[in-house]
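Q: I am new to reading structures. Please pick one part of this protein and take me through it closely, then show me what surrounds it.

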Amino acid sequence: MSIAEQYQLSEEDVSRIIEMAWEDRTPFDAILSQFGLPEKDVIKLMRQEMKLSSWKMWRERVQGRATKHAAKSPDTGFRHRCSRQRAISFNKISKR
């Protein structure tokens, strides 16, 4: 039984999980809270859904990475913000 069938995930869910797992700054805890998939099952899902070479490259990059594990991540309070992202104040997007 595949991980997608086990957790009753749609194709869109699987695609979003892969996207989140591929991002360096998204911790496994975010995937767990959103989809109920623990880290070990995310790894299995990635292995099932990706080409072997892509999976090996991802696994090598993610293994032991502090940003993928909230407990290991340094709590600096700083989050990256794109220079093209508009400033938000009082829930209204400010104009340039």
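## A close look at helix H3

A: Helix H3 is followed by Gly36, a residue with a positive phi, near 75°. Keep in mind that this is a predicted model.

Now step back into the helix itself. H3 covers residues 28-35. Which of its residues are buried? They are Phe28, Ile31 and Phe35. These three cover an arc of only 55° around the axis, which puts them on the same side of H3. Now turn to the other side of H3. There, Ser33 and Gln34 are exposed. Here, exposed means over 50% relative accessible area, and buried means under 20%.

What do the buried residues of H3 pack against? They meet three helices: H2 (11-22), H4 (39-49) and H5 (52-62).

The buried residues of H5 are Ser54, Trp55, Trp58, Arg59 and Val62. They cover an arc of only 130° around the axis, which puts them on the same side of H5. The face of H5 turned away from that buried side carries Ser53 and Glu60, both exposed. The buried residues of H5 pack against H2, H3 and H4. Just after H5 comes Gly64. Its phi is positive too, about 80°.

Next, look at how H4 meets H5. The two helices pack at an angle of about 150°, and their axes lie 8 Å apart. An angle over 145 degrees counts as roughly antiparallel. H4 and H5 are therefore roughly antiparallel to each other. On the H4 side, the contact is made by Ile43, Met46 and Arg47. On the H5 side, it is made by Leu52, Trp55, Trp58 and Arg59. Sorted by class, this contact has 5 nonpolar residues, no polar ones and 2 charged ones.

What angle do H2 and H4 make? It is about 110°, with the axes 10 Å apart. Angles from 65 to 115 degrees count as roughly perpendicular. H2 and H4 are therefore roughly perpendicular to each other. H2 brings Val14, Ile17, Ile18, Ala21 and Trp22 to the contact. H4 brings Val42, Leu45, Met46 and Glu49. By class, the contact of H2 with H4 has 8 nonpolar residues, no polar ones and 1 charged one. Notice Met46 of H4. It takes part in the contact with H2, and it also takes part in the contact with H5.

Gln8 sits in the loop between helix H1 (3-6) and H2. Its phi is near 55°, a positive value in a residue other than glycine. Is Gln8 buried or exposed? At 72% relative accessibility, Gln8 counts as exposed.

Along the sequence, the pattern reads α-α-α-α-α-β-β. The protein has 96 residues, and 26% of them are buried. Consider the contacts with a separation of 6 or more: 53% of them join residues 24 or more positions apart. The accessible surface comes to about 7,400 Å², and carbon and sulfur atoms hold 51% of it.

To return to H3: Phe28, Ile31 and Phe35 are its buried residues, and they pack against H2, H4 and H5.

Methods. Residues are numbered from 1 along each chain as its sequence is written. This is a predicted model: local features need pLDDT of at least 70, side-chain atom pairs count only at pLDDT 80 or more; totals for chains, interfaces and linings use all residues. Side-chain values use heavy atoms; hydrogens and water are left out. Buried means under 20% relative accessible area, exposed over 50%, partly exposed in between (1.4 Å probe, protein chains only). Helices (H or I, at least four residues) and strands (E, at least two) are DSSP runs, numbered from the N terminus. The arc is that of the directions from the helix axis to the C-beta atoms. Contact means heavy atoms within 4.5 Å. Axes are lines fitted to C-alpha atoms, for helices over the stretch in contact, and angles run from 0 to 180 degrees between N-to-C directions. Angles under 35 degrees count as roughly parallel, over 145 as roughly antiparallel, 65 to 115 as roughly perpendicular and the rest as oblique. Ala, Val, Leu, Ile, Met, Phe, Trp, Tyr, Cys and Pro count as nonpolar, Asp, Glu, Lys and Arg as charged, and the others, Gly among them, as polar. Accessible areas come from the Shrake-Rupley method with a 1.4 Å probe; for residues, only the protein chains shown count as cover.
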